[in-house]
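Dear colleague,

My notes on it follow.

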Amino acid sequence: MAATVKGAIEDVNVTFEDQQKINKFARNTSRVTELKNEIKTKKKTLQNLQDASDDLMMLDDDDVELIPYQIGDTFISHSQEETQEMLETAKETLEQEVKSLEDRVSSIQQVLGELKVQLYAKFGNNINLDADDPE
């Protein structure tokens, strides 16, 4: 497979294997973006739970007997202690989910790094694998 030089741009043949690598890179880049958006959403929810927990701690025990807690589309009333426990459980679950998502992003970014090295080695400046917006 000989490459011919035309001006400053090399003419490189793209094999089926190369196209598969490019497609894999594109899919993984898209997946990383989706996961980062999901992490952002979960972190916002986690902050909301933390704010609710803080507000709940500020309440006097005499202020409210039952506190409504949303489960799905329904609000169920619980005591202050039960509500606090439910908030803590929800926060722990979200923290674990965020950690899991961050681990997935990290492993996908390793794959992307390997693909980037392989593709740049073959195509050089003829291919752009850098994201437009740095995140």
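In these notes, contact means heavy atoms within 4.5 Å. Helices (H or I, at least four residues) and strands (E, at least two) are DSSP runs, numbered from the N terminus. The model is predicted: local features need pLDDT of at least 70, side-chain atom pairs count only at pLDDT 80 or more, and totals for chains, interfaces and linings use all residues. Residues are numbered from 1 along each chain as its sequence is written, and side-chain values use heavy atoms, with hydrogens and water left out.

The protein chain has 2 helices and 4 strands, in the sequence order β-β-α-β-β-α. Among its contacts with a separation of 6 or more, 63% join residues 24 or more positions apart.

Helix α1 covers residues 16-58, and its end C-alpha atoms lie 63 Å apart.

Of the 135 residues in the protein chain, 23% are buried, that is, under 20% relative accessible area (1.4 Å probe, protein chains only). Buried residues in α1 include F25, L35, L46, L49 and S53. The cover over the buried residues of α1 includes β3 (67-71) and α2 (80-123).

K91 belongs to helix α2. Why does K91 count as buried? The reason is its relative accessibility of 7%. Leaving aside residues up to four places away in sequence, K91 touches L46, L49, Q50 and S53.

Yours sincerely

Note on methods:
Buried means under 20% relative accessible area, exposed over 50%, partly exposed in between (1.4 Å probe, protein chains only). The expected span of a helix is 1.5 Å times one less than its number of residues.
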